[in-house]
Amino acid sequence: MNKTDRQLAIMLELQRNKILRAEDMASLFETSVRTIYRDIQALSEMGVPIFGAPGHGYSLMEGYFLPPIGFSAEEAVALLMGADFIEQRLDGDYGRVAKAARSKIEAILPELVREESTRVRETMRLLHAGEPKTGLREKDNLGLARRAILERRKISFSYKKNTPEPDGNRESKREVAPYGLALVQGHWMLIGHCDLRQDIRHFRLSRMTELAVLDKPFTLPLGFNLSHYRPRDDRNEHVLIRANPEIADKIAETGSFYIESVEEHKDGLLVRFRVRTPEELLQLILSWGDHVEVLEPESLRRRIREVAEKMLKRY
């Protein structure tokens with residue numbers, strides 16, 4: 001980063017933050033504290049109202065804003081594609097806002113930059129496969145969940161799990177304090193404290209029905225930060241399968257975080273999984289047909305056999 005770019009970046013950082021230490025800026029821009037001092041001095045001489053408080057740091061005069069900043073074609077593409085993504089993947093409110101923001105960004109771009117950004121965007125595409133009913137419901141749930149998170153209010157919903165409970169039931173009523181949302185492999189997940197389980201749980205929005213925002217406030221746990229949150233790994237069950245090498249690419253394409261290792265042997269690939277319950281892999285293994293064989297555990301072998309026998313009876 002050259003001197004001019006760094007000084008502009010310093011002004012942007014000061015505008016975003018109330019106060020910043022020279023040491024923090026030096027670390028951010030990978031330079032020395034002395035260089036930051038010289039940059040601050042140069043900016044002050046150019047008329048930028050920067051104030052320094054010994055032992056605290058630097059700040060911009062309240063009410064001072066930078067003049068409009070131009071975008072490069074690459075920066076414009078990043079912003080416009082981000083707006084495209086938000087319009088496609090978030091609920092209606094943000095979809096309309098993203099569309100309006102995209103129009104404003106395009107309106108202020110110089111003609112050459114706008115033409116170049118259009119040319120680059122035409123070489124890339126955010127694939128969005130239709131709008132199935134579950135997709136519409138997911139968007140509706142996203143809007144309600146987002147509002148509940150911002151207002152710090154609990155939500156209630158009926159939830160259909162992917163795997164049944166021991167009694168065969170897959171659906172249950174939940175009341176949850178919503179902490180945040182995450183987009184995981186194309187699906188929106190809600191992270192929150194479940195009153196039923198008395199712990200933090202993850203819920204796929206597409207599996208929720210009858211979602212309602214309650215008049216029950218909640219307090220976010222002290223120190224909880226969604227960007228730093230990592231779910232507890234409770235995958236304690238192991239599954240071992242043998243697969244034909246010809247479907248190695250299909251196995252790799254699943255991108256499954258359940259896969260622990262893939263080993264090549266003369267009689268095929270040995271693929272090891274670590275899961276919460278073996279039932280989680282049932283549909284995936286069935287999709288590979290006679291190209292795979294479950295070796296462990298025996299309970300999953302029996303389950304595959306039961307499903308295969310039911311399928312045979314239908315034909």
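Q: Where does P297 lie in this model?

A: The model is a predicted one. To place a residue, find the elements on either side of it along the chain. P297 lies in the loop between strand 11 (292-296) and helix 10 (298-314).

Q: What is the peptide bond from E296 to P297, cis or trans?

A: The angle to read is omega. The peptide bond from E296 to P297 is cis, with omega near -5°.

Q: How many helices and strands does the chain have?

A: Count the elements before looking at any one of them. The chain has 10 helices and 11 strands.

Q: What radius of gyration does the chain have, and what would a compact globule of 315 residues have?

A: Set the value of the chain beside the value for a globule. A compact globule of 315 residues would have a radius of gyration near 20 Å, whereas the chain has 27 Å.

Q: Which percentage of the residues count as buried?

A: Buried means under 20% relative accessible area. Of the 315 residues, 35% count as buried. The surface can be read as an area too: the chain exposes about 20,500 Å², and carbon and sulfur atoms supply 52% of that area.

Q: What part of the contacts comes from residues 24 or more positions apart?

A: Here one looks at separation along the chain. Among contacts with a separation of 6 or more, residues 24 or more positions apart account for 58%.

Q: What should helix 1 span, and how far apart are its end C-alpha atoms?

A: The expected span of a helix is 1.5 Å times one less than its number of residues. Helix 1 (residues 3-16) has 14 residues, so it should span 20 Å; its end C-alpha atoms are 20 Å apart, which agrees. Helix 4 (residues 73-89) can be read in this way too: its 17 residues should span 24 Å, and its end C-alpha atoms are 24 Å apart.

Q: Which residues of helix 1 are buried, and what do they pack against?

A: List the buried residues, then look for their partners. In helix 1 they are R6, Q7, A9, I10, M11, E13 and L14. These residues pack against helix 2 (22-28), helix 3 (33-45), strand 1 (50-53) and strand 2 (57-60). For helix 4, the buried residues include A73, V77, L80 and R89.

Q: Is G143 buried or exposed?

A: Compare its relative accessibility with the cut-off of 20%. G143 counts as buried because its relative accessibility is 19%. G143 is found in helix 7 (residues 133-151). The C-alpha atoms of G143 and D93 are 7.7 Å apart, although these residues are 50 residues apart along the chain.

Q: Is E111 buried or exposed?

A: Exposed means over 50%. E111 has a relative accessible area of 52%, so it is exposed. E111 is in helix 6 (residues 111-121). Its C-alpha atom is separated by 51 Å from that of D215, 104 residues apart along the chain.

Q: What is phi of E30, and where is E30 placed?

A: Phi of E30 is near 55°, a positive value in a residue other than glycine. E30 is in the loop between helix 2 and helix 3. With 74% relative accessibility, E30 counts as exposed. Phi of E210 is also near 55°, but E210 lies in strand 7 (residues 208-217).

Definitions and conventions: Residues numbered from 1 in each chain as written. Predicted model: local features only at pLDDT ≥ 70, side-chain atom pairs only at ≥ 80, totals over all residues. Heavy atoms only, no water. Helix = DSSP H or I, 4+ residues; strand = E, 2+ residues; numbered from the N terminus. Rg over C-alpha atoms; globule rule 2.2 N^0.38 Å. Buried < 20%, exposed > 50% of the residue type's maximum accessible area, 1.4 Å probe, protein only. Contact = heavy atoms within 4.5 Å. Areas by Shrake-Rupley, 256 points an atom, 1.4 Å probe, with all protein chains shown as cover.
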